[in-house]
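Good morning, and thank you for the time. I would like to take you through one structure; please have it open as I speak.

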Amino acid sequence: MAATKYVSVHDMVVLVEAGIEVVGENKAQDLERKHAEYGDAFRWHFIGHLQSNKAKVVNGICELVHSLDSESAARRLSVPALVEINLAGESSKAGVAPEKLPGFLEHYAAAHGLMTMPPATDDPESSRPYFRRLRELAAEHGLSELSMGTSQDYRVAAEEGATLVRVGSILYGE
């Protein structure tokens, strides 16, 4: 999936020309602008922090949300979602704590899988334990989709079972 956080509305045409089919946007307002211009040219995913008041926008455009982490957003969401798990316990990142996942899933049984963002690192191998743990959590709960890995560590994520990777800089440059 091509992450489009830093891609302007004007530059999205390059992705159309390249044959990219799935894009992921971080902000609901950018999602609306880009979708208004490119509509059915892509399958749309939402990959940023989902505020419950933005669920209506996401419901009308996206086929999948990668970042569900609150019950209030879950109650308003009508599209499939992946639960974001904060495996490293980083306060700067959103996500459900691993030990709270069973309770969260009781309230949102429609979760299709899990997503995580490991701590930033220059060494892709440093992400492996986080990806492995996410795969184990998904298996424990009978979830099949795993959104993990970005441009810098997507190969490791794929080796650990990623079904979706979010790439941006590898496509567009730094």
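This is a predicted model: local features need pLDDT of at least 70, side-chain atom pairs count only at pLDDT 80 or more; totals for chains, interfaces and linings use all residues.

**Parallel strands and their crossovers**

I begin with a pair of strands: β7 and strand β8 (residues 164-166) run parallel to each other, paired over two bridges. Strands count as paired where DSSP finds at least two bridges between them, and the elements themselves are DSSP runs numbered from the N terminus, with helices being H or I of at least four residues and strands being E of at least two. Residues are numbered from 1 along each chain as its sequence is written, and side-chain values use heavy atoms, with hydrogens and water left out.

Within this pairing, Thr150 has Arg166 in β8 as its bridge partner. Together with helix α7 (residues 154-159), β7 and β8 form a right-handed β-α-β unit; right-handed here means that, with the strands pointing away from the viewer, the path from the first strand over the helix to the second runs clockwise.

β7 (residues 145-150) also pairs with strand β6 (residues 111-115), again in the parallel sense, over three bridges. Leu114 has Leu146 in β7 as its bridge partner.

Which residues have the most contacts inside the largest nonpolar core? They are Trp44, Val58, Leu77, Val83, Ile85 and Leu114, in a core of 44 residues. Such a core is a set of buried Ala, Val, Leu, Ile, Met, Phe, Trp, Tyr and Cys residues joined through side-chain atoms within 4.5 Å, where buried means under 20% relative accessible area with a 1.4 Å probe, protein chains only. Leaving aside residues up to four places away in sequence, Ile85 touches several residues, including Leu114, Met115, Leu134 and Leu137, with contact meaning heavy atoms within 4.5 Å.

Trp44 brings us to the aromatic rings. Phe42 and Trp44 form an edge-to-face pair, 5.5 Å centre to centre with 85° between the planes; rings pair if their centres lie within 6.5 Å, and planes over 60 degrees apart count as edge-to-face. Phe42 is buried at 5% relative accessible area, and Trp44 is buried at 2%. Ring pairs join Tyr38, Phe42 and Trp44 into a cluster.

Finally, the whole protein: it contains eight helices and eight strands, and 45% of its 174 residues are buried.

Technical notes:
Buried means under 20% relative accessible area, exposed over 50%, partly exposed in between (1.4 Å probe, protein chains only). Rings of Phe, Tyr and Trp (its six-membered ring) pair if their centres lie within 6.5 Å; planes under 30 degrees apart count as stacked, over 60 as edge-to-face and the rest as tilted.
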